[in-house]
Amino acid sequence: MQISIKERVESVINNLDQLPSIPEVVGKVINMVNDPNVDFRLIAQEISKDQAITTNLLKLCNSAYFSKGKEITSLDRAIVTLGIKEVKDAVMVVATKAVLNRAILGYDLQRGMLWEHNLAVAVLAKQIALEKKDRTIADIAFTGGIIHDVGKTVLALFVQSAFKEILAKVETEGISFQQAERSILGYDHQEVGERILSKWKFPQILKDIVRYHHQPEQAPEEHRKIVSYVHVANSICLMGGIGIGSDGLYHELSEVAIKLIGITDEELNRFYAEIPEIVQKLKGLNF
Ligand SMILES: [Fe+2]
Ligand SMILES: [Fe+2]
């Protein structure tokens, strides 16, 4: 008997070993930063256990995007100079590059395109949150942005083999690409992404960003606003052609998200017009 595509997806998703991994320290650091009483020296200690992460992190902290002008030569200095949340964001950039900076063929994304897209969404989601005076969660908007499409890395091969079917469903039924993906493969990239984050032991708020970034109105109320920042940033980046793949044309902008973060048409247009500047900023995220 032939195994159906749904069963094949299911078996990959349920097999933790087949899901992408990142250094263990990253999940620990993300959870530690979530704790308002944490001692930053413990975080520095944790990061320093991973030599590769530490080396790249110090380079990134001195790059144009994060640098505050003073040269940073140690983890302690990085935390004192940039703040613990910025350092956590930098850890995320360093740790996820290997997973995201690959060709994602089923979605028609050449090598580097998903990475650029996710970084652009991270930078823009943070910028919107800051402009909306949501300072306390701006860093989480950034972290969520970086990983929001991580599920595509796993689902891509299946999307590739079922691509015609998915597209036909989108066109005949007038549904979104993600809905068609779900109906044919049994999963969409949001749910796969959530599974990956569970494997990485990431906190619920990040799982909700990944799970609901295309349907912010369905997100649990406590996290709906942060999901909305990533959703809106994602839409703007796609409209601007950053990381637009086979599914990009079938994306919708949620009214609920627009209302919740109180973003006007003028503001949307302005952020859209800032895309070249954002792409420029990404160049400053080098390590
Ligand atoms: Fe997505
Ligand atoms: Fe995206």
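Ala168 is partly exposed in this predicted model, with a relative accessible area of 38%. Ala168 sits in helix 10. Ala168 and Ala180 are 12 residues apart in sequence, and their C-alpha atoms are 8.8 Å apart in space.

**Helix 11**

Helix 11 spans residues 177–185. Its buried residues are Phe177, Gln178, Ala180, Glu181, Ile184 and Leu185. Seen down the helix axis, these buried residues fall within an arc of 160 degrees, so they line one face of helix 11. What covers them? The cover includes helix 1 (5–14), helix 9, helix 10 (163–173) and helix 12 (189–199). Just after helix 11 comes Gly186, with a positive phi of about 90 degrees.

**The nonpolar core**

The largest nonpolar core has 100 residues. Helix 7 (residues 113–131) gives the most to this core, with 11 residues. Which residues have the most contacts inside the core? They are Ile128, Ile146, Leu185 and Phe202. Leu185 is also among the buried residues of helix 11.

The model carries two iron ions, and Asp149 coordinates both. The ions are 3.8 Å apart.

| Iron ion | Donors | Distances | Angles |
|---|---|---|---|
| Ligand 2 | His117 (NE2), His148 (NE2), Asp149 (OD), Asn234 (OD1) | 2.1 to 2.3 Å | 80 to 178 degrees |

Asp149 and His214 link distant parts of the chain, 65 residues apart. Asp149 lies in the loop between helix 8 (135–147) and helix 9 (152–161). His214 lies in the loop between helix 13 (204–212) and helix 14 (221–239).

Now the iron ion (ligand 2). Its four donor atoms subtend angles of 80 to 178 degrees, which makes the arrangement irregular. The donor spacing along the chain is H-x30-H-D-x84-N. His117 and His148 link distant parts of the chain, 31 residues apart. His117 belongs to helix 7, whereas His148 is in the loop between helix 8 and helix 9. Both of these histidines are buried.

**Salt bridges**

Side chains of opposite charge can pair when their charged atoms come close. The structure holds 18 salt bridges.

One involves the bridging aspartate. Asp149 forms a salt bridge with Lys152, at 3.8 Å from N to O. Both partners are buried.

Glu194 and Arg211 form another, at 2.6 Å from N to O. This pair links distant parts of the chain: Glu194 is in helix 12 and Arg211 in helix 13, 17 residues apart. Glu194 is buried, with a relative accessible area of 15%. Arg211 is partly exposed, at 24%. Elsewhere, salt bridges that share partners join Lys85, Glu86, Lys88, Asp89, Lys126 and Asp139 into one network.

Glu24 and Lys28 pair within helix 2 (residues 24–34). Their closest N and O atoms are 3.7 Å apart. How far apart are Glu24 and Lys28 along the helix? Being four residues apart, they are separated by about one helical turn. Glu24 is exposed, with a relative accessible area of 63%. Lys28 counts as partly exposed, at 39%.

**Glu267**

Glu267 has its place in helix 16 (residues 265–273). Glu267 counts as buried at 18% relative accessibility, because the cut-off for buried is under 20%. Leaving aside neighbours within four places in sequence, Glu267 is in contact with Lys132 and Gly262.

Key:
Residues are numbered from 1 along each chain as its sequence is written. Chains are lettered from A and ligands numbered from 1 in the order in which they are written. This is a predicted model: local features need pLDDT of at least 70, side-chain atom pairs count only at pLDDT 80 or more; totals for chains, interfaces and linings use all residues. Side-chain values use heavy atoms; hydrogens and water are left out. Donors are N, O and S atoms within 2.8 Å of the metal (3.2 Å for Na, K and Ca); water is not among the atoms, so sites may look incomplete. Helices (H or I, at least four residues) and strands (E, at least two) are DSSP runs, numbered from the N terminus. Buried means under 20% relative accessible area, exposed over 50%, partly exposed in between (1.4 Å probe, protein chains only). The arc is that of the directions from the helix axis to the C-beta atoms. Contact means heavy atoms within 4.5 Å. A nonpolar core is a set of buried Ala, Val, Leu, Ile, Met, Phe, Trp, Tyr and Cys residues joined through side-chain atoms within 4.5 Å. Four donors count as tetrahedral if all angles lie between 85 and 135 degrees; four count as square planar and six as octahedral if opposite donors are over 155 degrees apart and all others between 65 and 115; anything else is irregular. A salt bridge is a side-chain nitrogen of Lys or Arg within 4 Å of a carboxyl oxygen of Asp or Glu.
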